[in-house]
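These are my notebook entries on a single protein chain.

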Amino acid sequence: MDKKIPYKIYLSEDEIPTQWYNVRADMKNKPAPLINPGTGQPLTLEDLNPIFCEDLNKQELDNETPYFDIPQEIQDFYKMYRPSPLIRAYFLEKALGTPAHIYYKFEGNNTSGSHKLNSSIAQAYYAKKQGLKGVTTETGAGQWGTALSMACSYFDLDCKVYMVKCSYEQKPFRREVMRTYGATVTPSPSMTTQVGKKILSEHPDTTGSLGCAISEAVEAAVTNPGYRYVLGSVLNQVLLHQTIIGLETQKALKKYDIKPDIIIGCAGGGSNLGGLATPFIGEMLRGEADYKVIAVEPASCPSFTRGKYAYDFCDTGMICPLAKMYTLGSQFIPSANHAGGLRFHGMSPILSQLYHDGLFEARAVEQTAVFEAATQFARVEGILPAPESSHAIRVAIDEALKCKETGEAKNIVFGLTGTGYFDLYAYEQYNSKTMTDVIPSDETIAEYLAKLPKVGNE
C-alpha cells in the first residue's frame, strides 16, 4: 500500500474555492445559443427574465467571463459540508488486483445525499436576492428536489417540486425529506397543470420523465406571480456552480503531485460530469494538460452515444426554449430504470459542444452491470452508492481492469455523486434477480428523432 497518499485527501476551509469556473471562456467553439421557438432567434435576457432569476440569466448567457465570484453567503453555506473528501479507493484496488490508483470525489456527505446542493443553494440565494416568493422545479431520483428544498428552507422561500412519477412511487422517503424541509411535492405528470393534463390524456399509463416534470414546473412558475423556475442540471449556470467539485479535486490532487490519467463522471443532463470535468477540460483547451475524460450514461437513455446533435426542446411539453444538444427527442420517455437522475432525453449544451469537438468520449452501460459494480463497491469501500454514481463506478472498474491486463498504474478519478440509501427498492430488485435491462431499439429512437423541431435545424 502506498503510504504517502492517505485514504482521504482533505482541504481546509480556507482552501474551498471562492470562484466558479466558466469553461465557455476557454472554448474556441462556444455552445450554440438557446433559441426562442416562436421567433427562431437567440434568447435575450428579456426573454429569460420571466422564467429564471435575473442574475442567473446573466450567468447563463455569459460566454466570456472565466471566473465568477461566489457570494459570501453561499461560501458560508458551503462550509457546512465542504470541502468534500477525495478518497483513495485502496480496498477496491485490492479487490480488483489492479495496479491502477483509483480516487473518488465523494459528494454525498450532506443531508441531500448528493452534489446537487452546490447549485441549489446558489439558485435559492439569487431568488431571495431578487425578492421572489418562491421557486418551482422538477426532480428525477429526488436528489435535486431534496437539495432545493433544503436551500429554500435556508432562505425562507416556497418550493414547489414536480417529481417524476415512477421515482415518486419508488422513493417515498426521498419525497418525505423534501416535505420535511417544507416543499410541496407533486408526482409528474399531474392534473395540476395544463401540460400535465395533456400528457396524461395522450399517455395515460406513463411513468413520467424529467422532460414531463420540467414542463409542469415551468408552467407553474410562469402562472404564479413571484415565482421563477430553477433547474438542477443541463443549464450553463448549473454547470458553472458545480465546478466547485472539479476545482476542489484539482487542489486535492496537486497536494500530492497526482496527475489524473482518466476522469469519469455519470451523465444525465450534465451537472455532475460538467462540475467534475470542466476544470480539467479547461486545462486541455488551454494546452496545459491532456486527460482521458469519459461520460457514462444509461443504455436505456443514451443521449450521447445514440442521440443526434441538434436543436430540441428541453421538455416534453415543448414550452421551454430550444437548446442545441445531443438528444433522443423531447418526446422520448425512457424506461423506468432506477437511475432517475439520468432519465433525461438531452444533454448540456456545453458538454454537447465539447463532445462534438472530441474533448471527451461517452459510453452507455446497462443497469444490471451498473448494480453489479455498485454492489462490489459497497462491499469493499463501505459506501452504498446512488444508481447514478454507480454508472461512473462501472466504468472506473472497467478501466482499472484494463490496467490489470496491461500492467499500467494509471490514476483514475471518478465522481461519487451521492449515496443510495433512498434507492433500496432498486437494490432489492438487483439482489432478488428481478432487475432487467430495457434498451430502446434503433427504430424507436429514429421515431422520436424524426419529431425534432424544424426551428434551428433547417
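This is a predicted model: local features need pLDDT of at least 70, side-chain atom pairs count only at pLDDT 80 or more; totals for chains, interfaces and linings use all residues.

The entries below follow the order in which I looked things up.

**Entry 1. The parallel sheet.** I looked up the open sheet of 4 strands and found the order β8-β7-β6-β9, with parallel pairing. Strands β8 (184-188) and β9 (227-229) are at the edges; each has a single partner strand, so one side of each lacks a neighbour in the sheet. From one strand to the next the twist averages 20°.

Strand β6 (residues 134-139) and strand β7 (residues 158-164) run parallel and are joined by 6 bridges. T139 has M163 of β7 opposite it. Helix α6 (residues 143-154) packs on the sheet and touches β6 and β7, with a direction at about 165° to that of β6. I also recorded that α10 lies across β6, β7, β8 and β9 and runs at about 170° to β6.

**Entry 2. Helices α9 and α10.** How do α9 and α10 pack against each other? Helix α9 (residues 194-202) and helix α10 (residues 210-222) pack at an angle of about 150°, and their axes are 8 Å apart. Since angles over 145 degrees count as roughly antiparallel, I class α9 and α10 as roughly antiparallel to each other. On the α9 side I listed Q194, V195, G196 and I199, which meet C212, S215, E216 and E219 in α10. The residues of this contact divide into 3 nonpolar, 3 polar and 2 charged.

**Entry 3. The mixed sheet.** I turned to the open sheet of 7 strands, whose order is β1-β4-β5-β15-β10-β11-β14 and whose pairing is mixed. Its edge strands are β1 (8-9) and β14 (361-365), each of which pairs on one side only. Strand β11 (residues 292-298) runs parallel to β14, and 5 bridges join the two. Within β14, A362 is the bridge partner of A295.

**Entry 4. Nonpolar cores.** Which members of the largest nonpolar core touch the most other members? They are W20, F304 and F360, in a core of 75 residues. I recorded a second, separate core of 33 residues, which includes F371, A374, L384 and A400. Returning to F304, and leaving out residues up to four places away in sequence, I found that F304 touches A267, A295, E297, Y326, M347, L351, S352, Y355, F360 and A362.

Entry 5. As background, most residues other than glycine have a negative phi, and most peptide bonds are trans. I checked for departures from this.

- R82 and P83 are joined by a cis peptide bond with omega about 0°; P83 is placed in the loop between α3 (72-78) and β4 (86-88).
- S188 and P189 are also joined by a cis peptide bond, with omega about 5°; P189 is in the loop between β8 and α9.
- D257 is not a glycine, yet has a positive phi of about 50°. D257 lies in the loop between α11 (236-255) and β10 (262-266), and it counts as exposed at 70% relative accessibility.
- K433, likewise a residue other than glycine, has a positive phi near 60°. K433 is in the loop between α17 (424-431) and α18 (442-449), and it is exposed, with a relative accessible area of 74%.

How values were computed: Residues are numbered from 1 along each chain as its sequence is written. Side-chain values use heavy atoms; hydrogens and water are left out. A nonpolar core is a set of buried Ala, Val, Leu, Ile, Met, Phe, Trp, Tyr and Cys residues joined through side-chain atoms within 4.5 Å. Buried means under 20% relative accessible area, exposed over 50%, partly exposed in between (1.4 Å probe, protein chains only). Contact means heavy atoms within 4.5 Å. Axes are lines fitted to C-alpha atoms, for helices over the stretch in contact, and angles run from 0 to 180 degrees between N-to-C directions. Angles under 35 degrees count as roughly parallel, over 145 as roughly antiparallel, 65 to 115 as roughly perpendicular and the rest as oblique. Ala, Val, Leu, Ile, Met, Phe, Trp, Tyr, Cys and Pro count as nonpolar, Asp, Glu, Lys and Arg as charged, and the others, Gly among them, as polar. Two strands pair if DSSP finds at least two bridges between them.
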